[in-house]
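Please look over the following points with the sequence and the model open beside you.

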Amino acid sequence: MAEEKKKSSVKARVQKFGSFLSGMIMPNIGAFIAWGLITALFIPTGWLPNETFEQLVGPMITYLLPLLIAYTGGKIIYDVRGGVVGAIATMGVIIGADIPMFLGAMIMGPLAGFIIKKIDNVFLPKVRQGFEMLYNNFSAGILGALLAMLGVIGIGPVIVAFTTVLAGGVQVIVNAGLLPLVSIFIEPGKVLFLNNAINHGILSPLGAEQALQEGKSILFMLETNPGPGLGILLAYMVFGKGMARQSASGASVIHFFGGIHEIYFPYILMKPLLILAAIGGGMSGIFVFTLFNAGLSSSPSPGSIIAYTLLTPQGNFLGVYAGVIVATVVSFLIASVILKRGAPDDEGDLQGAAAKMQDMKGKKSAAVGSLADSEKEEKETVEQSKADAEVNKVVFACDAGMGSSAMGASILRNKFKKESIDIEVTNTSISNLPADADIVITHKDLTERAKDKLPDADHISVDNFLGSPKYDELVKRLK
């Protein structure tokens, strides 16, 4: 029992750290895409070369993107005040470096937020009435200035050295032709809930630096290629049985066009040998990308073929599409062999795999929720402490605040609209739960964290984001 608790604790820490890394990047993906589109269009080798608009490329990646990451990281730790001090501190490492400071921003932003939080805990209670604004402004300004200066002369150069070593290691792998082998780690890592940490915490920052020099980067495609997952789902459509076969076609649309890759994870967990298909597809896709020297101008988030198309630079379409197609074919062939040797024929296999995947991820997946059994939810109770008339905002919360929670919020918003219920429904990450949320809806594995963050709100715990009976109960309650 103690050993299980220890493993669970370690898993929770790894998961929380991965969520924290992706939590700094994902809210700013729109800015990355904006930079990627400008790069693809207006640099000298772009679709519409333009010297005026090209001037946006350098400042955006040097200043805008790192400062946004730093602000977001600081804000996660200590709200707006932490974000502001984090951005100031990160300006120091930007000036102290000659490369884009994504890693520096991911360190300095949260660090500055943590320091100002601790300083406030000590001094703020001692500030005399009427001097609060004076203290708030000057403490943040002084600390930000000190950290910025420290970043210029000390922290910046250290991070540059570390980033150079890391980037050099990646380049050695590329030059040696070993890049396809990273799929051996990436594909299992995706199924083990580390996809966001791998892509947004590691590959995207390195890829952005490479894209600044070359206008594109293959690193943006290592984790996001939709081909391996599509091949597995197509194999289930042909050789699967029961619920797995019936649901595979819908899952393939969500995966390939919607870009939500976690929809295919339960299909692998149902037949673990299929991880070989994902690895084989990933390796072959990367090999083709390398063969054609293909790359994207920015990180495609979500990993949809639509995002791939929009972020493909001029002259790279053949290589990009070929890599996706080859990855799909190879993955399909390997998965077909595995499935023909004994395809699952029981609906419970898929439901159990979906539940297992969600336990491993430590959070509910809205996309996968439609695959899991929702009967258990009917036994769960909804905590209700607020009068219905006082409810003005319903908030869905998940780790990143963009995938699962967005889909759940969309479903409930439509139900409210049909019943003419005029209550705001929104979505966010657990770390950014707004103080004015009246009802918070989370997966059961996240409810405890949500309660710690917002103890005065009503909390609804669900097991199935796409088909929860709790939604209809809430509609009846608030109608």
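1. The side chains of Arg81 and Asp120 meet in a salt bridge at 2.6 Å, N to O, where a salt bridge is a side-chain nitrogen of Lys or Arg within 4 Å of a carboxyl oxygen of Asp or Glu. This pair links distant parts of the chain, since Arg81 lies in helix 4 (residues 57–95) and Asp120 in helix 5, 39 residues apart; helices here are DSSP runs (H or I, at least four residues), numbered from the N terminus. By this rule the count comes to four salt bridges.

2. The model is a predicted one, in which local features need pLDDT of at least 70 and side-chain atom pairs count only at pLDDT 80 or more, while totals for chains, interfaces and linings use all residues. Residues are numbered from 1 along each chain as its sequence is written, and side-chain values use heavy atoms, with hydrogens and water left out.

3. Helix 5 (residues 102–123) packs with helix 6 at an angle of about 150 degrees, their axes being 10 Å apart; the axes are lines fitted to C-alpha atoms over the stretch in contact, and angles run from 0 to 180 degrees between N-to-C directions. The contact (heavy atoms within 4.5 Å) includes Ile107, Ile115 and Asp120 of helix 5 and Leu143, Ile155 and Phe162 of helix 6.

4. Leu146 has its place in helix 6 (residues 132–175).

Key. Helix = DSSP H or I, 4+ residues; strand = E, 2+ residues; numbered from the N terminus.
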